[in-house]
Amino acid sequence: MIKVVNGGIEILVEDWPGRLGYMGLGMAAAGAMDNLALQLGNKIVGNELTDAGLEIAGGYCEFEFVEDGVIALTGADMSPTLNDEPMPMWEAVAVKVGDHLKLSHFGEKGFRSYLIPAGGVDVEKYLGSRSTCIFGNYGGFEGRKLAKDDIVKVFKKDITGIAGKKLNPKYMPDYENDWELRTIPGPNSAPDYVTEEGMNYLFSHSFKISHNANRAAYRLEEVDGSMFWAREDGGKGGSHPSNIVDHGYNIRGGLNITGNTPSVLVADGPTLGGFCCVAQVINADLWKIGQGIPARDKMHFKFTTLEEATEARKEREQMFEAADLIV
Amino acid sequence: MSKYEVILDTLPAEGDRVEILFRKAGDGFIQVEYGHEQRVELLDSFRILAADAKIKAANINGLIETLPSLRCNMIHFDPSVISPMQIIDKIKDIEESIAGVDDMVIDSRIITLPIAFEDSQTKKAVELYLKQVRPDAPNCEDGYNLDYMAQCNGCTVDDIKKMLLTTDWYNSGCGFWPGGGFFWPMDPRCKMIVPKYNPPRIWTPEGAVGIGGACLFTYTTATGGGYQLFGRTIPTFQFSMKHPQFKDGPFLYRPSGDRIRFVEASEKEILDIYDHVHDKTDYVYDIKESQIVVKDYLNFLAQPEVVNGATEFAEKQRIGSQTAPKL
């Protein structure tokens, strides 16, 4: 069990792939923003890839361990300390009753850290997943972010021989400040919705992330609508060319444009709405979106084919199976 | 051909079927779009629903979920199990097996919902909006939205209430918010059209019934929102799943195809039902299994009094929309 001493900005219970199968009933999948960090953490402590951990956005938090165990900390480096001594990341670390783990705040690169206990976080599944949808206040820990004095339960697990296991450095994800997201155009692309020039711009420009970027949408800087849109209006969908008769969204990862503002729709985003979706970030790169630092980092979209995306999924699966992943 | 072209395949128009476009929407999503025109046509939805039921029943290996809307269906699948072209072929086969829309019979329950017009909770939402968001909002001039809705449609408040109570409302697909359906009037003489709040509300009570454009929504939980409010109905969602109606999931509506009809009730009756849904869990919902026989519906639409009534109302609406203040 882990006690929250200071809840910081936002700590949520999340798993992967989240709550699949309910989009047609208005429920987005939720799930970890950086599924790669969560899943590598699970590998390090010997969990299943689908086990839940704590997603820590921004930092400024502190935990006390209420029982002995093993944990791994992955994701963004927030200068973690264990009993005021620097604690290694991407490594299984033994913790004892009374130990204190502190995270400072996000620094040069990345915005979310993951605390993964061996055994996984024990909250009841809601509709098949332990993930929190913070926008709808359901799932995870009472449908909310963790606060001071909350006690998070951990599933029992034999932890012998786990402490000291590490991620092989050759598999360490690269953190950036201008994130490259491999992206597939569609469903609302050129020539019928967006101009060729607009799509070229989309696939060549680095977009600054807005301060208003969260678990539903990562909002980006505006595009120039006079150059971007291939049509005058949205017909019955509405007066702006970004409008469309309400349709289902390709989330997680859909690049949605409301007015002239692009947003990457992520974990807790809307499942359906009346705006164009011009592209989608490929599944293998979804993890990068939530590591973008709001109001500071940028992201750019790299044109990618379906074949390349499918290949990238396979590579990811093979990496998780690799014999030298954890050393 | 542009590298941004996303139409992977098409099925040509035939009989009353419009051309069907299969659009790339990422590495796990395909959008099936019906026709090229942004139109609001329930017959499109009937067809999508008939195909969607068959897609779901086909047990396609690798299909994760579908997300139908008024003129599209978003298909979510696992590309490591089934390729986009394979899934498109399956959907094409299903489409080819569907006879003309005239012969369709669609499963569609009728759910009767009591509504209290201008109840104290939705009044409070309007008051808060005036206080916190937009004190000079022309849609809230008399402390509520019904007068504005009447102005926009060139009719009286009584006409507005009567239209809400007269027509059945058809759900083209749930989405946006957990459990929320997008409902359209089946009787064209009741097709009110109103602009949405600008800017949106911060708070709307659970059960509020609102309309934006021609689309009606029942708020499943307390949330923000932008639809003009009629009043309040009974719970259409229950996170806790305590009430037997919700034992298999928190949703009252099916993903699509349900019809709702409203009956007027007092606020006291509505509040009493809340108690019997959420606390005593013994309220019996009025839900009838039923079907839409499309041929009968088309005959209804073709009746002279329906055609003439719809034309007359559209003319009143045209004048009303010109004189009502813009939001």
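This is a predicted model: local features need pLDDT of at least 70, side-chain atom pairs count only at pLDDT 80 or more; totals for chains, interfaces and linings use all residues.
Trainee: What makes the radius of gyration of chain A agree with a compact globule?

Mentor: For 327 residues, a compact globule would have a radius of gyration near 20 Å, and chain A has 20 Å, so the value agrees. The C-alpha trace of chain A spans about 65 × 40 × 30 Å along its principal axes. Of the residues in chain A, 55% count as buried.

Trainee: Why is helix 1 of chain A called largely enclosed?

Mentor: A residue is buried if 20 or more other C-beta atoms lie within 10 Å of its own. In helix 1 (residues 35-44) of chain A, 10 of the 10 residues are buried, so the helix is largely enclosed by the rest of the structure. Among them are A:Leu36, A:Leu40 and A:Ile44, and also A:Asn35 and A:Lys43.

Trainee: Which elements do those buried residues of helix 1 of chain A pack against?

Mentor: They pack against several elements of chain A, including strand 2 (10-14), strand 5 (69-75) and helix 5 (306-321). Just after helix 1 of chain A, A:Gly46 takes a positive phi of about 80 degrees.

Trainee: How do you know that the length of helix 3 of chain B agrees with what it should span?

Mentor: At 1.5 Å a residue, the 13 residues of helix 3 (residues 120-132) of chain B should span 18 Å; the end C-alpha atoms are 18 Å apart, so the two agree.

Trainee: What puts the buried residues of helix 3 of chain B on the same side?

Mentor: The buried residues are B:Thr122, B:Ala125, B:Val126 and B:Tyr129. They cover an arc of only 95 degrees around the axis, which puts them on the same side of helix 3 of chain B. The face turned away from that buried side carries the exposed residues B:Ser120, B:Lys131 and B:Gln132. The buried residues of this helix pack against strand 10 (201-204), strand 11 (208-212) and strand 14 (228-233) of chain B.

Trainee: Why are strand 7 and strand 11 of chain A said to stand at the edges?

Mentor: In chain A, 6 strands form an open sheet in the order 7-6-9-4-1-11, with antiparallel pairing. Strand 7 (85-86) and strand 11 (151-152) of chain A each have a single partner strand, so one side of each is left without a neighbour in the sheet. Strand 6 (residues 81-82) of chain A pairs with strand 7 of chain A over 2 bridges. There, A:Thr81 stands opposite A:Pro86.

Trainee: What is said of phi in A:Trp90 and B:Thr281?

Mentor: A:Trp90 is not a glycine, although its phi is positive at about 55 degrees. A:Trp90 lies in the loop between strand 7 and strand 8 (93-95) of chain A. Phi of B:Thr281, also a residue other than glycine, is positive and near 50 degrees. B:Thr281 is found in the loop between helix 6 (267-279) and strand 16 (286-288) of chain B.

Notes. Residues are numbered from 1 along each chain as its sequence is written. Chains are lettered from A and ligands numbered from 1 in the order in which they are written. The radius of gyration is taken over C-alpha atoms; the globule rule is 2.2 Å times the number of residues to the power 0.38. A residue is buried if 20 or more other C-beta atoms lie within 10 Å of its own, exposed if 12 or fewer, and partly exposed in between; C-beta atoms are placed from the backbone. Helices (H or I, at least four residues) and strands (E, at least two) are DSSP runs, numbered from the N terminus. Two residues are in contact if their C-beta atoms, placed from the backbone, lie within 7 Å. The expected span of a helix is 1.5 Å times one less than its number of residues. The arc is that of the directions from the helix axis to the C-beta atoms. Two strands pair if DSSP finds at least two bridges between them.
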